[in-house]
Amino acid sequence: SVPEFVDHFHNFHIGQQLYDELGIPYDRSKAHRAALEKEKYGISNRELLKACFAREWLLMKRNSFIYIFKTTQITIMSIIAMTVFFRTEMKHGQLEDGGKYYGAMFFSLINVMFNGMAELAMTIFRLPVFFKQRDFLFYPAWAFGLPIWLLRIPISFMESGIWIILTYYTIGFAP
């Protein structure tokens, strides 16, 4: 049984020798100073952030097809919106025609919002890797999330800008 095995191991000379060695406290003066752990993570916060930015940039370059596809998709959808809500067909200045403008604004909002849903799925697929690396103290959660958030801002502005440039004046929001 397991308790008998433990008793025999403790009574055996190797078990006694191991017990004696583990009973001696660790002498830190014999170790190299750089080998001792002084912080929770191996590198500074700046280096952690730089490494996570580099990894996120590499992942964005690898997934460039998705960003090109999303940009093409929003361009095609804005051309469709231009033809559906063309300014010459929509009068303004009357209360009844305001519903058309609200419809165009709602359509714009939904298209721009759902264009970002592809990145949500990519983020969800990356969560197991994040949890594993966070639990092994590779980096804190903020070092993982901040580069994702900051590097997506220019892409979001570009997609929204394409939509606004192609639809704003052709729909007639500001004639």
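Me: How much space lies in the largest pocket?

Reply: Happy to start there: this is a predicted model, where local features need pLDDT of at least 70 and side-chain atom pairs count only at pLDDT 80 or more, while totals for chains, interfaces and linings use all residues. Residues are numbered from 1 along each chain as its sequence is written, and side-chain values use heavy atoms, leaving out hydrogens and water. A pocket is an open set of points on a 1 Å grid over the protein atoms alone where a 1.4 Å probe fits, with protein on both sides within 12 Å along at least five of seven lines; its volume is the space filled by probe spheres set on the points, joined across faces, edges and corners. For the largest pocket, that space is about 230 Å³.

Me: Which residues are the closest to the centre of the largest pocket?

Reply: The lining (residues with an atom within 4 Å of a point) of the largest pocket has 13 residues. By class, 5 are nonpolar, 4 polar and 4 charged, with Asp, Glu, Lys and Arg taken as charged, Ala, Val, Leu, Ile, Met, Phe, Trp, Tyr, Cys and Pro as nonpolar, and the others, Gly among them, as polar. The closest to the centre are Lys70, Gly116, Glu119, Arg152 and Ser156.

Me: Which helix gives the most to the lining of the largest pocket?

Reply: Helices are DSSP runs (H or I, at least four residues), numbered from the N terminus. Helix 6 (117-135) and helix 7 (141-171) are the elements that give two or more residues to this lining. With 8 residues, the one that gives the most is helix 7.

Me: Why do helix 4 and helix 6 count as roughly antiparallel?

Reply: Axes are lines fitted to C-alpha atoms over the stretch in contact, and angles run from 0 to 180 degrees between N-to-C directions. Ile66, Tyr67 and Lys70 of helix 4 (residues 64-84) meet Ala118, Glu119 and Met122 of helix 6, where contact means heavy atoms within 4.5 Å. The axes lie 11 Å apart at an angle of about 160 degrees. Angles over 145 degrees count as roughly antiparallel, so helix 4 and helix 6 are roughly antiparallel.

Me: At roughly what angle do helix 4 and helix 5 cross?

Reply: Lys70, Gln73, Ile74, Met77 and Ala81 of helix 4 meet Phe107, Asn111, Val112 and Asn115 of helix 5. By class, this contact has 5 nonpolar, 3 polar and 1 charged residues. The two axes come within 11 Å and cross at roughly 170 degrees.

Note on methods. Angles under 35 degrees count as roughly parallel, over 145 as roughly antiparallel, 65 to 115 as roughly perpendicular and the rest as oblique.
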